[in-house]
Amino acid sequence: MYKSYFRKWKYHVNPLPKYNDFIDYVDKKLLPLGFKKEEIGTSQDGQFKLYGYSLNLDKPVYWIDADIHGSEWHSCYYTLDFICDVWGDSHIDKRVSKKIRDTFGVYYIPSVNPWGYENVKYTQSRGINLNRNFDNLWHIAAVKPPFDPNAKGDSALSESEIQAVVSKFNQIKPYIAINCHTTTGGTSGIDMNARYPYYKLLSKDILQTLKLTAPNAGTMEWNTQFAPTANGWYATQTSKEGTPTFASILEHQSNTDEFDFGYTALLTIAVAIINFKDNGKYNTNSISEIY
């Protein structure tokens, strides 16, 4: 394990509560860095467009999506901060950010649930938990009524937001795919790849690195691939390079300013995957191992 970069959380109130204002902000941050913006679909209610931002897709792709639960707007900001710092070369460790840029392209969806973002709702407009609408064990999940936190929809992929995500994912075929959330509980965490053990030891080392970096963060071993979740479906896919896609859910504790777990986890995942990709190691003992 190695000690990663520590960063404090800085968002307590959503600075841009209107979705279109937030997208304008993303444009101002990413388009000057050379990112391409595209419309990938619409929200189920038809009011909002979903956007994707991409750079260097000829490389193995680091897929990052946020705000699949609209009320978890914090995920929009820690993901954007990470991308701006690394691909904008403003991260404190220039060697690390350059190595990540040299290794990966990036595809970013700043909000999978625009209606939920604007209305500060967990579900989307029809009351569906979009993270239960993927075609991954959908049939075994309990049927719940609309606006229940586990409402999964009338059928797998029934919601336009998830149709857009799946269509673009199938086109991009990412090397890494991280579905980003927030929690107001006592723990942050990542998925342990328990269902797909090819990456289980790697995930364990990533989590231990995060615990070493911030012992008080309250980290937890999530196992969400046993439900119809985004990262559960992502983990069944293959990258354009022919490897199993490394997939994880990322849960950032948003009700504390002590530690920006989400930002640091995205960085740590990138470093760990580079070491595994280049050196075949499940454990990273020193940052020098990726150079």
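Colleague: Is C84 buried or exposed in this structure?
Modeller: This is a predicted model, in which local features need pLDDT of at least 70, side-chain atom pairs count only at pLDDT 80 or more, and totals for chains, interfaces and linings use all residues. Residues are numbered from 1 along each chain as its sequence is written, and side-chain values use heavy atoms, leaving out hydrogens and water. The relative accessibility of C84 is 14%, and with a 1.4 Å probe on protein chains only, under 20% is buried, over 50% exposed and anything in between partly exposed. So C84 counts as buried.

Colleague: How many disulfides does a search of the whole structure find?
Modeller: A disulfide needs two cysteine sulfur atoms within 2.5 Å. For C84, the nearest cysteine sulfur belongs to C76 and is 13 Å away. C76 itself is buried at 0% relative accessibility, and its closest cysteine sulfur, in C180, is 9.9 Å off, too far for a bond. Across the whole structure, the number of disulfides found is 0.

Colleague: V120 has a positive phi, so what is its value?
Modeller: Most residues other than glycine have a negative phi. V120 is not a glycine, yet its phi is positive; with a relative accessible area of 51%, V120 is exposed. The phi of V120 is near 55 degrees.

Colleague: And F147, what relative accessible area does it have?
Modeller: F147 is another residue with a positive phi, about 75 degrees, although it is not a glycine. F147 counts as exposed, and its relative accessible area is 52%.
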